[in-house]
Amino acid sequence: MTKELESVDVLIIGAGLAGIGGACQLRRNCPNHSFTILESRATSGGTWDLFRYPGFRSDSDMYTYSYGFKPWIDKSTIADGRKILSYIREAAAEYDVEEHIRYQHKVVAANWSCADKLWLVTAAHGETGEQVTISCKFLFNCSGYYDYEQGYTPEFTGSDDFKGEVIHPQHWPEDLDYKDKRVVVIGSGATAVTLVPAMAKDTSSLVMLQRTPTYIASLPAEDPTAIKLRKFLPNSWAFRLTRWKKVLFQIYIYQLSRRKPQALKKFLIGGVKKELGPDYDVATHFTPDYNPWDQRLCAVPDGDLFTSIREGHAEVVTDHIDTFNGEGIQLKSGKQLDADIVILATGLNLKFAGGVKHSIDGKELDLTEHFIYRGMMFSGMPNLAFTVGYTNSSWTLKTDLTGKYVCRLLDKMDRGNYSTVTPTMKGDIEEVPLLDFDAGYVLRARELMPKNGNRLPWKNYQNYIRDFIGLRLGRLNDDELEFR
């Protein structure tokens, strides 16, 4: 006797920030739709459960990084990973999402059956390797585009000769003892500027070694506007007003970076000079050779990185690595950095849509050959959405919009008795980069990304206001969105 295939209305891939958020949106807006979340790891939280390095925190403010439907009431503007993980799991508990999560189920393939109008999704169990298949009417991939299995590790000459420990923050050892040790952190991005102040007071020496500087801005650990608003308004109102203030400010700063990059550059570098004083070599260590927002800005709460440097607990060295040796790192300038521990804050690898193999009636698809519809669906692929956040603003602003848009699609399909919704291209279109961004992890993976068009609805805009109007307020009867 053939076992009946398990079926749900919506299958969500990933129980991280986006997956939990998407499930909560379904609970709020489509309560009659059944859903299951398949999560490859043994716990929820995604990035916020995976990373365990000291000081791990958001590099976006929490008023825009949190869910729009769940006010952020903690005082922290830039929150640590534990608070964010707790917040995500609170949301899951409030909307009874946890009971719908299946852990250690890694989705490996998804096949659309044209005859049945269903996705057949295959997942492998993490412990046994046994494969299970679940059918769904709509597939919602919330796995993001980071590779959770392996971070980016450059090849360094002589690294095998180094007698100390080499660690990537994505795989931080729980028992690592760095007290009174000589530590070198390689990198200058969000991970590096988080690690340095978190570790600096416990090490005997700490060097942040960078090839090139990054723009770094000091932000208040607590938002002054939110503090004032909470005195007179309920938390929910204070949250919403602060959130929109932050959204508008983020857009203003990004637009300024495009229109008057030198003015913004002068402002940012001026802030660093105030933090470190007139005698510090800001030109060498904190003045990038690119314009602001060509790569992501780094935020440090209350200037904690600059405090570590001022107080002599940490040092920044700008140089290139020649070779590792037994005692540490030889730089191309001839300088030697002795170390007991080297931390490779060298970035992430990208894996779009979790590396799931997609097919239609058994014919495998290449996602890089498909154009993206409104930053969340693929051309010619029915009943499928995915989440990709902003590069110039908070990730969750876009995933919130995507989750609500999916709910709108499902409601329209119910009202019209439609079984499929498919983005269908009409007219001419030119291809432009999906992520117009010069960060290393983006440049390394551009050939892995789907296509981005030069016009709506096939252009993925990095603008929350524009997306808010199009996804929240716009109509669903788009000529290039086909309901059947």
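**Labels and their grounds**

Tutor: Pro457 is in the loop between strand S24 (452–453) and H13. The model is a predicted one.

Student: What makes the peptide bond from Leu456 to Pro457 cis or trans?

Tutor: Its omega is near 0°, and the bond is cis. Most peptide bonds are trans.

Student: Which helix does H13 come within 10 Å of, axis to axis?

Tutor: That helix is H7 (residues 235–259); the axes of H7 and H13 (residues 464–473) cross at roughly 120°.

Student: Why are H7 and H13 called oblique to each other?

Tutor: Angles from 65 to 115 degrees count as roughly perpendicular and those over 145 as roughly antiparallel. The crossing of H7 and H13 is at roughly 120°, and the two helices are therefore oblique to each other.

Student: Which residues make the contact?

Tutor: H7 contributes Trp244, Val247, Leu248 and Ile251, while H13 contributes Tyr464, Ile465 and Phe468. By class, this contact has seven nonpolar, no polar and no charged residues.

Student: What makes Phe232, Leu233, Trp237 and Leu241 a patch?

Tutor: A patch takes residues with over 30% relative accessible area and no salt bridge, and nonpolar side chains are joined within 5 Å. Phe232, Leu233, Trp237 and Leu241 form such a nonpolar patch on the surface, with about 460 Å² of accessible area together. Trp237 belongs to H7.

Student: What is noted about the phi of Asp180?

Tutor: Asp180 is not a glycine, yet its phi is positive, about 60°. Most residues other than glycine have a negative phi. Asp180 is found in the loop between strand S7 (165–167) and strand S8 (182–186).

How values were computed:
Residues numbered from 1 in each chain as written. Predicted model: local features only at pLDDT ≥ 70, side-chain atom pairs only at ≥ 80, totals over all residues. Heavy atoms only, no water. Patch = residues over 30% accessible without salt bridge, like charges linked within 9 Å, V, L, I, M, F, W, Y side chains within 5 Å. Areas by Shrake-Rupley, 256 points an atom, 1.4 Å probe, with all protein chains shown as cover. Salt bridge = Lys/Arg side-chain N within 4 Å of Asp/Glu carboxyl O. Helix = DSSP H or I, 4+ residues; strand = E, 2+ residues; numbered from the N terminus. Axes fitted to C-alpha atoms, helices over the stretch in contact; angles between N-to-C directions. Parallel < 35°, antiparallel > 145°, perpendicular 65-115°, else oblique. Contact = heavy atoms within 4.5 Å. Nonpolar A, V, L, I, M, F, W, Y, C, P; charged D, E, K, R; others polar.
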